[in-house]
Amino acid sequence: HAAISVCLETLLHNLKVLGDKPTHGSELFNRVSSKCLTAIYILQTSLDFDKGAVIADNLFKLYEYVKYQVITNSKSEDDSDIDQAISIVSEIYSSWSAIK
């Protein structure tokens, strides 16, 4: 539980950094984008499709959307959907934090 919390926190933090519009192609931009994609990979691979098929499937799709936004953002300077990705991850993080 704690590892997923840290991963979600890391993802949320780095999405917010991307939302602050670092210069595309800069070292900071590349590092933050890479951290986002790594966090998403960890979150997706931690899903248990056997025990929570519907929830796991929905979370996987949400993480795919967030991943798409990070990749799209890295290819162009249009970051309009990063705010939506931040909102999604914030909601997931809040829900996850409520589980103890």
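**View 1. The sulfur of Cys36 and its closest cysteine partner.** In this predicted model, the sulfur of Cys36 lies 10 Å from the closest cysteine sulfur, which belongs to Cys7, and this separation is too far for a bond. A disulfide would require the two sulfur atoms to be within 2.5 Å, and by this rule the count comes to zero disulfides. Cys7 is accordingly in no disulfide, the sulfur of Cys36 being the nearest cysteine sulfur to its own.

View 2. Is Cys36 buried or exposed? Cys36 counts as buried, because its relative accessibility is 0%, where the cut-off for burial is under 20% relative accessible area. Cys7 is likewise buried, with a relative accessible area of 7%. Across the protein as a whole, 34% of the 100 residues count as buried.

**View 3. Lys16 on helix α1.** Lys16 is found in helix α1, which comprises residues 2–19. With a relative accessibility of 43%, Lys16 counts as partly exposed, because that class lies between the limit of under 20% for buried residues and the limit of over 50% for exposed ones. Val66 is 50 residues from Lys16 along the chain, and the C-alpha atoms of Lys16 and Val66 are separated by 12 Å.

**View 4. The helices and the overall dimensions of the fold.** The protein contains four helices and zero strands, and its pattern, when read along the sequence, is α-α-α-α. The C-alpha trace spans about 40 × 20 × 20 Å along its principal axes. What radius of gyration does the protein have, and which value would a compact globule have with 100 residues? The protein has 13 Å, which agrees with the value near 13 Å for a compact globule with 100 residues. Among the contacts with a separation of 6 or more, 59% are accounted for by residues 24 or more positions apart.

View 5. How many positive and negative side chains does the protein have? There are 9 positive and 13 negative side chains, and the centres of the two sets lie 5 Å apart.

Notes: Residues are numbered from 1 along each chain as its sequence is written. This is a predicted model: local features need pLDDT of at least 70, side-chain atom pairs count only at pLDDT 80 or more; totals for chains, interfaces and linings use all residues. Side-chain values use heavy atoms; hydrogens and water are left out. Helices (H or I, at least four residues) and strands (E, at least two) are DSSP runs, numbered from the N terminus. The radius of gyration is taken over C-alpha atoms; the globule rule is 2.2 Å times the number of residues to the power 0.38. Buried means under 20% relative accessible area, exposed over 50%, partly exposed in between (1.4 Å probe, protein chains only). Contact means heavy atoms within 4.5 Å. Lys and Arg count as positive and Asp and Glu as negative; His and the chain ends are not counted. The place of a charge is taken as NZ of Lys, CZ of Arg, CG of Asp or CD of Glu.
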